[in-house]
Amino acid sequence: MNQGKLALACVTLAALYAPQAMAGVTDLSAIPMSDTERAKPALPTILPLKERAEVVDGILAERLQTVIPAIMREQGIDMWLLMSREYFEEPVLATMLDAQSFHARRRTILIFFDPGDGQPVERLTVSRYGLADLFEPSWAPEEEPDQWKAVADIIAARDPDKIAINYSDATRFGDGMTLSQYRAMTEALPEEYADRIVSGETLSVRWLESRTKAELELYPGIVRIAHALISEAFSRRVITPGETTTHEVRWWYREKLAALGIDPWFHPSVAVQREGAEGMIYEDTVIQPGDLLWTDFGITYLRLNTDTQHLAYVLKPGETEAPEGLREGLRRTNRVGDILTASFHAGESGNEILARARAAALAEGLDPSIYSHPIGFHGHGAGTSIGFWDNQEADPRGEYPVLAGTTWSIEFTNYYEVPEWDGQRVDFRSEEDAWFDGETVRYLDGRQTELTLIPSD
């Protein structure tokens with residue numbers, strides 16, 4: 001897909017998926033996004049597979065042309081080498097396959113080389129099979145049967161100062177070079193280049209966490225799909241109080257996604273909190289009037305992921321709204337969300353943001369737990385962590401900085417002792433997807449501000 005068609009597709013889909021988007025607007029920072037999720041959102045049109053592939057390939061081409069030069073120059077790397085064996089794709093290379101390449105073929109090797117002086121970054125594939133038109137085929141096996149020798153010749157001809165390969169103790173996303181392939185590569189490489197090998201871990205994170213304009217135009221609509229499916233799951237179309245079980249709702253999600261041709265990236269969760277019952281009931285249970293329902297649900301569509309947690313209340317006969325204590329619990333959770341998103345500062349670590357947000361929430365008398373994470377090509381995406389549910393202190397995984405142009409799963413909870421439930425401590429979990437432009441965190445399709453109500457009669 002050429003850039004003109006890609007731009008047209010993105011604007012069209014943004015207008016279709018996110019009604020707050022305006023025709024012709026290509027800068028999301030100019031769109032006034034509401035904090036409040038639309039009530040009972042309609043399911044957007046799901047693209048046919050061929051059109052999905054065209055969008056995926058168009059976005060990938062744009063990313064290769066724009067993100068790769070930017071991050072290589074930012075990190076001072078003039079050559080980046082990625083490799084994967086068939087069915088054993090490393091996380092970065094897997095996102096660089098075109099939409100018709102489901103797996104790496106045999107051994108797929110990709111090389112990026114920046115010749116400097118503002119010249120375009122070369123994109124080479126040293127593989128028996130090409131990779132659409134995204135990389136220049138650079139190996140003739142009939143002339144040089146040894147694939148790693150062909151790589152060594154390319155390196156020697158370009159004489160890079162730094163050769164990044166993906167090995168890392170810090171992040172799983174930058175640790176894709178296996179020991180056997182590293183040995184094969186270094187055995188073929190001229191000796192003088194061995195000292196030029198460096199880790200590509202930060203390049204890997206920067207590639208995966210960076211969102212382009214086209215992706216940001218599509219992302220609200222992808223989140224809208226997830227919101228629409230949660231809205232349907234938490235309705236009488238799916239749940240009959242006193243009959244339907246939590247696991248039946250889980251499998252409704254799976255069947256619905258299969259019918260739509262959309263993949264979940266984890267098995268959906270549905271559980272309840274119930275007056276007089278301690279904690280969250282995770283085992284299969286019949287949904288009853290008076291229950292506070294919770295779901296955790298995520299999809300993968302157009303290679304981007306969502307991650308959402310919502311709450312619903314099952315009305316008792318004669319009730320028209322949830323008890324005030326449950327509504328107050330959600331309000332307090334949203335206040336924690338306000339504090340957390342206001343705590344984002346570009347360039348600060350996840351640990352610093354966690355500490356600031358927790359201190360502010362505790363000072364207001366709230367009872368928070370914060371465990372937010374990046375999202376994008378992976379549900380638990382590349383980048384820093386902002387807390388963990390089992391660790392609310394500084395963590396090595398939270399040392400990396402939060403950067404502009406990244407997308408986030410704003411995930412946290414606040415506990416509240418509900419008066420109508422005899423002071424029972426209830427867990428009001430929230431999770432919504434957002435993007436950070438360097439100054440402001442914006443929810444991609446709003447957030448839940450009211451409990452979803454499910455009639456019992």
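A kink of about 30° lies at Tyr219 in helix H7, shortly before the proline Pro220; the bend at a residue is the angle between axes fitted to the seven residues ending there and the seven starting there. The model is predicted, so local features need pLDDT of at least 70 and side-chain atom pairs count only at pLDDT 80 or more, while totals for chains, interfaces and linings use all residues. Residues are numbered from 1 along each chain as its sequence is written, and side-chain values use heavy atoms, with hydrogens and water left out. Helices (H or I, at least four residues) and strands (E, at least two) are DSSP runs, numbered from the N terminus.

**Confidence**
- The protein chain has an average pLDDT of 91, and 93% of the residues score at least 70; pLDDT is the predictor's confidence in each residue, from 0 to 100.
- Over residues 15-32 pLDDT stays under 50, and the model has 38 contacts beyond four places in sequence for these residues.
- Where pLDDT is low, the predicted coordinates should not be read in detail.

**Helix H7**
- Helix H7 covers residues 213-233, 21 residues in all, and reaches 32 Å from its first C-alpha to its last.
- That span is close to the 30 Å expected at 1.5 Å a residue, where the expected value is 1.5 Å times one less than the number of residues.
- H7 is largely enclosed by the rest of the structure, because 19 of its 21 residues are buried (under 20% relative accessible area, with exposed over 50% and partly exposed in between; 1.4 Å probe, protein chains only).

**The sheet**
- Six strands form an open sheet of mixed pairing, in the order E4-E3-E2-E1-E5-E6; two strands pair if DSSP finds at least two bridges between them.
- Strands E4 (136-137) and E6 (197-199) stand at the edges with a single partner strand each, so one side of each is left without a neighbour in the sheet.
- Strand E2 (residues 107-113) pairs with strand E3 (residues 122-125) in the antiparallel sense over four bridges; Arg123 in E3 is the bridge partner of Phe112.

**Two buried residues**
- Thr125 lies in strand E3 and is buried, with a relative accessible area of 1%.
- Leaving aside neighbours within four places in sequence, Thr125 has contacts (heavy atoms within 4.5 Å) that include Ile109, Leu110 and Trp139.
- Val336, in helix H9 (residues 324-342), counts as buried at 1% relative accessibility.
- Beyond its neighbours within four places in sequence, Val336 is in contact with Leu366, Pro368, Ile370, Phe412 and Asn414.
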